[in-house]
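Look at the structure below before reading on.

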Amino acid sequence: MLWQNTLIQKSLTMKPKIKPIQILVAIIVIHISGCTTDNFENTQKLDRKPAIDPDYSGVTIPPNIAPMNFLIQEEGNFFRITVTSSSNDAQFSVTSSDGIVRLPLGAWKEMLGDSKGDKIKIQVAASEEDKDTLKQFQPIYMHVAKEPIDPYLSYRLLYPGYYSWSKMKIMQRSLEDFREESLIENQILEKNCANCHAFNQNNPDEFLVHIRGSKGGTYFMEDGKITRTALKTENMPGGATYPSWHPGGRYVAFSSNKVKQSFYAHPQKSIEVYDQVSALVLYDREENEMLYIREQDTTDHMQTFPSWSPDGQYLYFCRTRQVEENYSVQNVKDIHYDLARKPFDPETRTFGETEIVFDAGKRNKSVSFPRISPDGQYLVFTLHDYGTFPIWHKEADLYLLNLQSGNYKRMKLNSDETESYHTWSSNGRWLVFSSKRRDGRSARPYFAWFGSSGEIGKPFVLPQEDPTRYHNMLKTFNIPEFVKGKINFGPRDFARAADKQSLSAKAGNSVDSTQQWFEGKKEGSAETEWGIHE
Amino acid sequence: MIRKAKNPGNTDIYYLFALFFIITFGYFFWFGDYVLFFQEKQSLLIFSREYLEEYFIKPGGLLELAGEFLTRFYINPANGALILSVILILPGTILFKTNRRLFSDQSYTLLFLMIPSILLLLMQTHYYHSMEYNLGYILVLLYFLITTVQNKKQSRYIALALFPFVYYLVGAYIWIFLVMFILYSLLYEKGKVRYVYPAVLMGIGGITLLVFKALLFFQPLDQLFQYPLPLVADPRHSIIFYLLTGYLVLYPLLGKTSLLLRLKKKYARAVSLVSVLIAFAITILILSKLYNPQTNRVLQLQKYVFEKQWNEAIELHETAPSRNLIGQYFYNIALSETDQLCDRLFFGRQDFGAKSLILPWGNKHLSRGAYFYYATGLINEAHRWAYEDMVVNGYRPQNLKLLVKTNLINGNYRMAEKQINMLEKSFNYRSWAKKYESLLYHPKRVQSHPELGEKIKLLPNEDFFIQLNNPQNNIPLLLNANQTNRKAFEYKVAWLMLNKNIEATVKQIKQMKELGYTEIPRHVEEAALAYSNSTGELPELGGLKISRERRQHFGKYVSSYSNVRKDPSLGEEYMRTQFGKTFWFYFHFK
């Protein structure tokens, strides 16, 4: 059964798109269930909406999203939920005895189809045991956008821990229903750490994944093959991380970071992850070469979070002045990253001069995770008080920067908890981002509709078949990425690739001026590169 | 044709089982109870889909789940000893049935069938030998019995066809069955089937392995061959494991070889009985050798600390000292939690200097290190240790309890609520969770809670980064961040005393009055007198006084110590008897 504890009733006012067999099933179900549950003498209309979890009231949803199942947090042992399209042409009802509402996939899909560009009304009525009165709440509305969302979401599922990890999975989840499959399971990769999955323009056939540990390497997926690659060349301060695909597919930009974790003593914060050294590097897949992205004043700056513009002409990134090796709380609080970019010529593999796009330092803030909309008009970044790792910063919020006008604003989708990792859908109409608003610690993927003029719909959390799934779940959804289709690789494919010898990247250019600050700052100290840096 | 043998020991066997039961129960109730409570604290069975489904996605997972379930009863030593005693008899009872088909001569069958139970009992004395290991052997023997009692070919094939299901149930124990059955077939079957059965079984086994590996489960090959066999990292345990496994694998061969040892019928019963009694006597002897009172003490101390039975922990270490670093660490925690660290530190054995105050960061001490930080009010760090323990070792009562408490102290109610919900779905900790549930979203209730409220007062007011590599540096940092934190202050002084740094120790006395002390803690007085003895002047006492009793005691110590130096025959032992609980003795003799 797709909907335990829930009975479905379809109205006879349904549009004649329904197949006869569906009507027959609906009639049978109505016959079985309707007689015993709907005999209420009185109906009491309440002037408030029902409390539901997740809060889907007023959200904007895509026309191809999975059923928005929810839990009714009201007293009662009988609930009737009636879902109606705005035109009143389609309607179906479900009942529930425990408040858990699981909407039937078929009827839901039809409802969405009928309501594109309009809204869906959800009417909840509840009754308590031995009472003849049915309490009817004010209806909840969900706005249905015209633009679909990418059908898959990929994320890492793990405990939001510090140093240690045990089981870790990278998952792909259908957004059109509830199918969830693992892409990588680290238990067959000698419990290595799997992270940083990145797709070339949301393409399920072209992406990469990092593995850290005995099976370590960057695994590239293309043309149905997985290639294990060792990207770290001599003098890189750390492994290649935070990947961003050049739209042409030939290049991938990374940052190479020497990372340190420190733990706060005061209860207000728990952990700070920050770079001691970081530089941008470019991997040329055709030549299997790793190139340093040079800069005149490289010795003075740390650069991280590379992100290509959709036309591939600019590489955006975050940068700050090189920190001293004195990591007190106050020193770390003085680290502020600006948003910068530099032009790129793919023919010559060269970059132009750096220009500052958003001077966060002046505002005593720090920028992370720049992501540009597919039409190149907007850039969304995370803004937080300091440092380079906002996911543990409560104050971290998403900001929208108009790349034409230079105007920026705090987005309406933020909460009092951390909002950080975000990605655009391939059509640019949806954003997915990580938010810790539910419990302050575990990130959940939230989706928000993005209008052509920069307007934002109320975000909603990834719907689950069991809407109570988030209640006791301690694991976090890390790095949510939209994917345009199902990924045809699985854990065993990665395990097979992991058994093969990795292809080592060559150093594509000499190190020159960067040499001096890499010396003595390579990986190896006890607190470096530990942890999962989720 | 297999001859069904008569069994003269039908009644004897019940007496022997009863005797074995008494030995097992007695051992685990009176001596080895630490194994029970250690194992009960090693995991937490939670009745939730997310938790339980982990057991269904690997061969052998259900066996582990069954073991987890039975282990919950270990919380009561009598129940635990009872369950273990019954479980450990089961291999014998199954083999009792099996022997009827294997042994044509009954001379030594009683001994043969008791050996697996005896070996499992010896293995069980190791505190990492889990219940699931016993169940694995039991189920595999049961499957062997079910398969071999089938006389009709069709029934035999049906039993063999259950191989994939049993493999899924018991995991790698199935390979023991596979070899047992092949041997059985080759030795006991006649005609073609003696080769056909093994061939069929190997075929089924191979296909099952392939399907499990390639299609059904995400398990590496070595796990499919090993999980959940009892691969405990202890050579003594490993030897018994290999002995037991080898013994069972070759068990069908015993039936045949026993023919060579055939005795006259009139002696058979006596020999059989006597051999088992001798085996029991040897077992008791080995049990006494395997029993390690030091392990017992450490795990007892751990239990007392986990259950906040501070006085019991202190009394145990002072009457039956642990020589183990962890045991002494727990003693010091108990002293700190009862505000006696500087008054009683040397009443208990201290062999490791300052190392027994704080355990170093790392997997080795992941489940224990949090308690120092919790005792001193460095709650963020206590939380981190507990969290990492949960990630690495899974849900355990003590890590979830610590997470609940630290989250409540830090005001992270939503996380505390999740963890309380998990404990509410557990077997033995529902009432604990209910108690703490009432604190959720009520900061005032948390502040007035006798334990949590006190910890809140110790919290750092200023922020600093935790020192991981030199954890002792956190103590002065914590004191700087909250100058009223007496627990941290006492740890600082204890650190100095254990490092025999008298000068730095006595320098702390001047702050004591401000910290609320009305008298100088006993060991600090001792340090002050030692300081005065060597420098000729008392340190700055900040308005406090050294007691007359301590001065008199010191006088006696000085005199005795002078005699000892003059007459070494008096020696260390005399000084230990007279002054073993003093800083002076620690200073001179440790």
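In this predicted model, five strands of chain A form an open sheet in the order β15-β16-β17-β18-β37, and their pairing is mixed. The edges are taken by β15 and β37 of chain A; each has a single partner strand, so one side of each is left without a neighbour in the sheet.

Inside this order, β16 and β17 of chain A pair in the antiparallel sense over 5 bridges. One of the pairs joins A:Ile211 to A:Gly217, which lies in β17(A). Helix α5 of chain A packs on the sheet and touches β16, β17 and β18 of chain A. The direction of α5 makes about 45 degrees with that of β18(A).

The elements named here cover these residues:

| Element of chain A | Residues |
|---|---|
| β15 | residues 193-199 |
| β16 | residues 207-212 |
| β17 | residues 217-222 |
| β18 | residues 225-230 |
| β37 | residues 503-504 |
| α5 | residues 491-498 |

Chain A as a whole has 6 helices and 38 strands. Of its 534 residues, 51% are buried. Among contacts with a separation of 6 or more in chain A, 61% are between residues 24 or more positions apart.

The loop between β31 (408-410) and β32 (419-424) of chain A holds A:Ser415. Why does A:Ser415 count as partly exposed? The residue has 14 C-beta neighbours inside 10 Å, and partly exposed residues fall between the limits of 12 or fewer for exposed and 20 or more for buried. Leaving aside neighbours within four places in sequence, A:Ser415 is in contact with A:Ser435 and A:Arg437. A:Arg437 is 22 residues away from A:Ser415 along the chain, and their C-alpha atoms are separated by 6.3 Å.

Key: Residues numbered from 1 in each chain as written. Chains lettered and ligands numbered in written order. Predicted model: local features only at pLDDT ≥ 70, side-chain atom pairs only at ≥ 80, totals over all residues. Helix = DSSP H or I, 4+ residues; strand = E, 2+ residues; numbered from the N terminus. Contact = placed C-beta atoms within 7 Å. Pairing = 2+ DSSP bridges. Axes fitted to C-alpha atoms, helices over the stretch in contact; angles between N-to-C directions.
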